[in-house]
Amino acid sequence: MRFTICAAKPEDCKDIARMIMELAVYEKMPDQVKISHKELERDGFGPNPFYQCLVAEVPEEHKSKDGHTKVGYALFFYTYSTWKGRTVYMEDLYVMPEYRGKGMGKALIATVAKVAKEQHCVRLQFSVLDWNKPSLDFYLSKGAEDLTAKEGWHFLRFHGIALDNLAQEAP
Amino acid sequence: MEFTIRAATLEDCKDISRMILELAEYEKVSDQVKIAQRDLEQDGFSKNPFFHGIIAEVPEHLKSKEDSCMYFFTGHTKVGYSLYFYTYSSWKGRAVYMEDLYVMPEFRGKGIGKALMSKVSQLGLAAGCTQLNFTVLDWNKSSLDFYLKQGCWDVTSDLGYHCMRCEGDALEHLAQGGL
């Protein structure tokens, strides 16, 4: 199936928001999504964007059952390793179920990797849920390492009241 | 103990580089550090910086007593740092990631680490962030206890998220498949 991978534009944000929700449903946490296309437009397309996004699109004749031609996306941003320098973090990688197995997921992550290398980044990092075996297998087959399993790294987070309390103690 | 917390400047990169190495030694992986002072200067202080830094500084009369460099020792007044950058959650929006938090051993237990982390969270909230994220090694019990005591939660233990990475040849091969 023919498809294109292009940098997202502000008018893509409604489709990206739709697919973010589909991915959250797949990850069994749809109630966790608190932002809409409005925040995506504000935060992704100003002078200092918080993220970059790629969209996978199919021609009109291959549109989805619900009439969508934007059928996949990858959302990423630049980060920094004090050991290795510039890095990229891929926050989301998603292809609508009916379009899987056609190389779109691979093309999306490969394009993120290509952009990363163009910006002299030396690492591409992301996270995967431990029960998500198809995704884990896909990434491991591409040469990714599981740092949690291998080195014991854990993600920690402050949010809500705990974050407010912490901030209030700043000098 | 008297100390100040302030934004890092270009001139601080030498001390930040020193402390990055000290932190890597603490994490038992000092041979992994591949970047130097000039990389920090270029990447942290250009038009689109990859990171931001905060420094903890003590007055001259409280400067450090120990130094791993035996040849030239003047005592350090820059005794801690935090390095962070803005990230994005597709569920929650703007977030801040704390890449490093470090206080020199002789200055620990005086509230400096907590003050650095609080400053990062204050700056993050001011920028509209709703999360402060970071990672900790599972064997680092003293750091884990410190963070959990402050009210954070372990996303890996609680939800099962694993940190994944592609680098070196794997990243090259992956990039060659891009459109």
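Residues are numbered from 1 along each chain as its sequence is written, and chains are lettered from A in the order in which they are written. The model is predicted, so that local features need pLDDT of at least 70 and side-chain atom pairs count only at pLDDT 80 or more, while totals for chains use all residues; side-chain values use heavy atoms, without hydrogens and water.

Chain A contains 6 helices and 7 strands, where helices (H or I, at least four residues) and strands (E, at least two) are DSSP runs numbered from the N terminus. Along the sequence of chain A these elements follow the pattern β-α-α-β-β-β-α-β-α-β-α-β-α. The radius of gyration of chain A, taken over C-alpha atoms, is 17 Å, close to the 16 Å that the globule rule (2.2 Å times the number of residues to the power 0.38) gives for 171 residues, so chain A is as compact as a globular protein of that length. The C-alpha trace of chain A spans about 60 × 35 × 35 Å along its principal axes.

Chain B has 6 helices and 7 strands, and its pattern reads β-α-α-β-β-β-α-β-α-β-α-β-α. For its 179 residues a compact globule would have a radius of gyration near 16 Å, and the 18 Å of chain B agrees with this. Its C-alpha trace spans about 55 × 35 × 35 Å along the principal axes.

Buried residues (under 20% relative accessible area, 1.4 Å probe, protein chains only) make up 56% of the 171 residues of chain A and 53% of the 179 residues of chain B. Among contacts (heavy atoms within 4.5 Å) with a separation of 6 or more, residues 24 or more positions apart account for 59% in chain A and 63% in chain B.

Technical notes:
Buried means under 20% relative accessible area, exposed over 50%, partly exposed in between (1.4 Å probe, protein chains only).
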